[in-house]
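My notes follow in the order in which I made them.

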Amino acid sequence: MSNHELKNASTTPGLPLSLGLGPVLEKADVAKHPRALDRRSLMVAGLCIGLAVAMTPIARALMGLIGLITNLVFYGRVSFDLVSPAGTGLGLLMLAVPVVGSVIVGLMARFGSKAIRGHGIPEAMEQILTNDSRIPVRMTFLKPLSAAIAIGTGGPFGAEGPIIATGGALGSLIGQLIHVTADERKVLLAAGAAAGMTAIFGTPFSAVLLAIELLVFEFRPRSFIPVTLAALTAIMLRPVFFGTEPVFHIAQLAAASPAAIASYGLEGVIMGVFAVLIAKSTYFIEDLFEHLPIHWMWWPAIGGLCVGLVGLVSPHTMGVGYDNIERILSGNFVGTALLVFCLLKFVSWSLALGSGTSGGTLAPIFTIGGSLGVLIAEGFKAVAPGMDIDVRMAALVGMAACFAGASRAFFASVLFALEITGQFNTLLPLLAGCCTAFMVSAFLMKTTIMTEKLARRGHHVPSDYVPHPRAS
C-alpha cells in the first residue's frame with residue numbers, strides 16, 4: 001500500500017487543525033467529551049421531583065388563601081373557593097377594600113422585603129443573573145402572602161406570577177441549604193417555578209418552556225430534564241389538590257384554512273404593536289409613581305384607590321379574572337361592552353402594577369390580549385365581511401400573541417394556549433399569530449415587560465439559549 005493510500009485510510013488518525021487548540025478549549029472551559037447527564041444531574045433531578053411534591057400543595061394553599069380573603073372581605077363568609085368580587089353588595093364600601101389591602105402590602109414591603117413588589121418574574125431573573133440564584137429566605141412566604149392579600153382584596157392580578165416566584169424562591173432555598181453549584185441552584189429555582197405554574201394551570205409543557213425562556217436561558221439536558229421532571233410530578237399530583245376540571249372550558253374550534261391562518265398572522269402583527277404599547281405604558285406609569293413626593297410604601301394605596309374606582313364602574317376588572325378569560329374565549333363577550341371592559345382592565349392593572357403592589361402579569365395580559373383579539377377579528381369582519389376568521393380562535397391567538405410580544409416567551413405562549421384548549425387545530429393559528437407578534441415586538445422594543453426593569457439597572461439579559469460558561 002502506498003504512502004498516499006495510508007494517509008487516506010479510514011483508520012488514519014485525523015490531523016489537528018491547530019497546535020494551540022487544546023489550551024484554547026481549556027481556557028474556554030469546554031469539555032472534550034461532554035456527558036449529557038451525570039450523577040450530579042440525577043441528584044438535582046431527584047431534588048426537583050421533591051420540590052414539585054412540595055410546590056403543588058403550596059400552590060393549592062395560595063389559591064385557597066386568595067379565595068378565603070376574597071370571600072371574607074367582599075361577602076363576609078368563610079370559603080376557600082375562588083370567586084369574583086363582582087357579585088358583592090358592598091356598594092361604595094368596595095372602594096375601600098383594595099386600598100386597605102394595598103396599604104398592608106406596602107407595609108410588608110417596607111418592613112419585610114422590598115422585593116415582594118411587582119409580579120415576581122423579573123425579580124427571580126435578577127437573582128439568577130446577579131446573585132447566583134440566591135433568593136432571600138423570607139421571600140418564600142412573604143411573596144405568596146402579599147400576593148394573596150393584594151389579589152384577595154380586589155387587585156386585578158393573576159396568581160401565577162406570585163406562585164412562580166414562590167416556587168423559584170423555594171427552589172433557591174433548597175439550593176442554599178444543600179451544597180450545589182450556582183448552575184444547579186438555577187435549575188432548582190426554574191423547577192420550582194415550573195412546578196408552581198403547572199399546578200395552577202395544568203400546563204406542564206408550557207411551564208417547562210417558560211422556565212427555559214425566562215429563567216434558565218439555555219437549552220441543555222442537565223437543565224431541562226430536571227425541570228421537566230418537576231413539571232411532570234406537579235401534573236400527576238394536580239388532580240389530588242385541584243381536581244380534574246380544566247381551568248378554562250373552551251368549545252371545539254374548527255381547523256383553520258390557509259386564508260384564516262394568514263388572517264391570524266395579520267392579527268399577530270397588530271397584537272405585536274399592542275404588546276409594545278402595553279409594556280411601555282406599564283413602565284411609564286411606574287416612572288410617574290417615582291416622581292411622587294411621598295414614600296414608596298404608600299404608592300400601592302394610590303394604586304388600590306384606582307382599582308376601587310374602576311371596580312365601581314366595572315366590578316369584573318377586580319380579582320384574578322379567570323372567569324373573564326373563559327367568557328372572552330367563548331365568543332359571546334363582544335362589541336362595545338368588551339371594548340370598555342378591556343380599557344378599564346388595562347387601566348386598573350397597569351396603575352396597580354405601576355404602584356408597586358404584589359401580583360402577576362400573565363392573567364391580565366391574557367385577558368387584555370384575548371379581548372383585543374376579539375375586537376381585531378370584529379374589525380376585520382367589518383372591513384372585509386368575507387374574511388375567514390373565527391372570533392373564538394382570534395381571542396385565543398390574541399391572548400397568546402400578546403404575551404409572546406410582551407415577554408418574548410414565544411414557545412411558552414404557543415404551547416400554553418395549545419394546552420389549555422387541548423386542541424391540535426389551534427397550533428397553526430397560534431404559530432402564525434405569535435410569530436408575527438414576536439417579530440414586530442422585537443423590532444419596536446429592545447427589552448420586554450420582563451427585562452425592562454433589569455436593563456434599567458444595568459443588567460444584561462441573555463436572549464439566546466446557550467450553555468453557561470461554567471458548564472461541564
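I looked up E218 and found it buried, at a relative accessible area of 1%, where buried means under 20%, exposed over 50% and partly exposed in between, with a 1.4 Å probe and protein chains only. E218 sits in the loop between α9 (204-216) and α10 (221-242); helices here are DSSP runs of H or I with at least four residues, numbered from the N terminus.

I noted that this is a predicted model, in which local features need pLDDT of at least 70 and side-chain atom pairs count only at pLDDT 80 or more, while totals for chains, interfaces and linings use all residues. Residues are numbered from 1 along each chain as its sequence is written, and side-chain values use heavy atoms, with hydrogens and water left out.

I then searched for salt bridges (a side-chain nitrogen of Lys or Arg within 4 Å of a carboxyl oxygen of Asp or Glu), and the count came to five. One of them joins the side chains of K186 and E218 at 3.7 Å, N to O. This pair links distant parts of the chain, since K186 is in helix α8 and E218 in the loop between α9 and α10, 32 residues apart. Salt bridges that share partners join D183, K186, E218 and R220 into one network.

I also checked R220 and D183, whose side chains meet in a salt bridge of 3.8 Å, N to O. R220 lies in the loop between α9 and α10 and D183 in helix α8, so this pair ties together parts 37 residues apart in sequence. Both R220 and D183 are buried.

Definitions and conventions
Helix = DSSP H or I, 4+ residues; strand = E, 2+ residues; numbered from the N terminus.
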